[in-house]
Amino acid sequence: MDNIMQKWSKDIDGVYMPKKFLTMQDKINNWEVNESDVWIVSFPKTGTTWTQEMVWLILNDLDYKRAEKNLLKRSPQLEAAALVRYPHVKFFLPFIPRAITDSLNYVKKQQSPVCIKTHLPWNLLPKEIQKDIKRPKIIYISRNPKDTCVSYYHFCRLVKDFDGTLEEFCNLFLYGKVNFAPYWDHILPFWKRRNQQNVLFLKYEELKENLPSVIERVAAFLGKKLNADQINKLADHLSFENMKNNKAVNYDWLVKLSSIYKPDKANTFMRVGKVGGYKSAMSEEMIERFDRWTREHTKDIDLEF
Ligand code: A3P
């Protein structure tokens, strides 16, 4: 089971995707975009869940009661069905929510405004978005590539997509052979559009540094006004500790399901939630490779983490 992800993935229009994505690519390309929906777009492991919970609550007037429903049903992932692809998961299919197994139809049936989560890069989004025919609000969440890679490695081990070492995983990440990669092809098109009126570009590191101020920015972007008490309460709800203990967002069910296949007690979805954790995980040489690679891709722009 060294690297199951590679066995079930291939390059699709320059993106390393689960092959099953081919069965939905046309439907997504021709997706009828509703401009009142909000799209939360990200490369995996950059703080998507954190952003989704924030955006959903702001959009739904801080309805903490309704937020007890699982986030994956409140803010479904458009292409989720493509990720349920491995033979060992088949046995568990009846236990996996329809929001995942039948994601396209599930998203379609939700009442707008829907908080649509997607890891799809710009060139795989609906053509109405790419061609600027429709302009729904898009919130892109990014994170420094080294922490993203370490987080992705632990996640892939957790869901049994990968069973190798961190060093092996880093190589796949750098060569764009993990799902939704290449990393820079993902982030840069949104960075370029960051000043577009319907786009908000966020960094995980900003959320860590000053969550209340990010909440305020997101609220303003969504056309909502929150007072100081509301912001502080939401920031508390979104703290790492509270999210780790919140069953509606902590993916406990996924951890449990994955453990049936092969227990991994040390690993959780809400893992450490820190900036710079890569320093104690990656070798000096690997850090240097990532830094060189980052410099190459950002030499003409002022994107920094
Ligand atoms: P780590 O593995 O580094 O801990 P995604 O939702 O895109 O899959 O991202 C998951 C990453 O976001 C994990 O990172 C997870 O711990 C972190 N995360 C989730 N909620 C968080 C929060 N409230 N505060 C800080 N980090 C959070």
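Predicted model: local features only at pLDDT ≥ 70, side-chain atom pairs only at ≥ 80, totals over all residues.
Residues are numbered from 1 along each chain as its sequence is written. Helices (H or I, at least four residues) and strands (E, at least two) are DSSP runs, numbered from the N terminus.

Let's step back into α13 itself, residues 211-221. Which of its residues are buried? They are Val 214, Ile 215, Val 218 and Ala 219. Buried here means that 20 or more other C-beta atoms lie within 10 Å of a residue's own; exposed means 12 or fewer, partly exposed is in between, and C-beta atoms are placed from the backbone. These four sit on the same side of α13, because they cover an arc of only 135 degrees around the axis (the arc is that of the directions from the helix axis to the C-beta atoms). Their cover includes α3, β5 (137-142), β6 (199-203), α12 (204-209) and α14 (228-237).

Now for a strand. In a regular strand the side chains alternate between the two faces of the sheet. Strand β4 (residues 115-118) is covered on both faces: Cys 115 and Lys 117 are buried on one side, Ile 116 and Thr 118 on the other. Its parallel neighbour β3 (residues 38-42) is joined to β4 by four bridges, and strands count as paired if DSSP finds at least two bridges between them. If you look at Val 41, its bridge partner in β4 is Thr 118.

On to the ligand. It has 20 residues around it, and Thr 48, Thr 49, Ser 151, Arg 271 and Gly 273 come nearest; a residue is near if its C-beta atom, placed from the backbone, lies within 6 Å. Helices α3 (48-59), α9 (145-158) and α15 each give two or more residues to this shell.

Two more spots are worth a look. Arg 98 belongs to helix α6 (residues 98-101), and it is partly exposed because 14 other C-beta atoms lie within 10 Å. Lys 73 is 25 residues away from Arg 98 in sequence, yet their C-alpha atoms are 8.7 Å apart. Asn 246 sits in the loop between α15 (240-244) and α16 (252-261). With 17 other C-beta atoms within 10 Å, Asn 246 is partly exposed too.

How values were computed
Contact = placed C-beta atoms within 7 Å.
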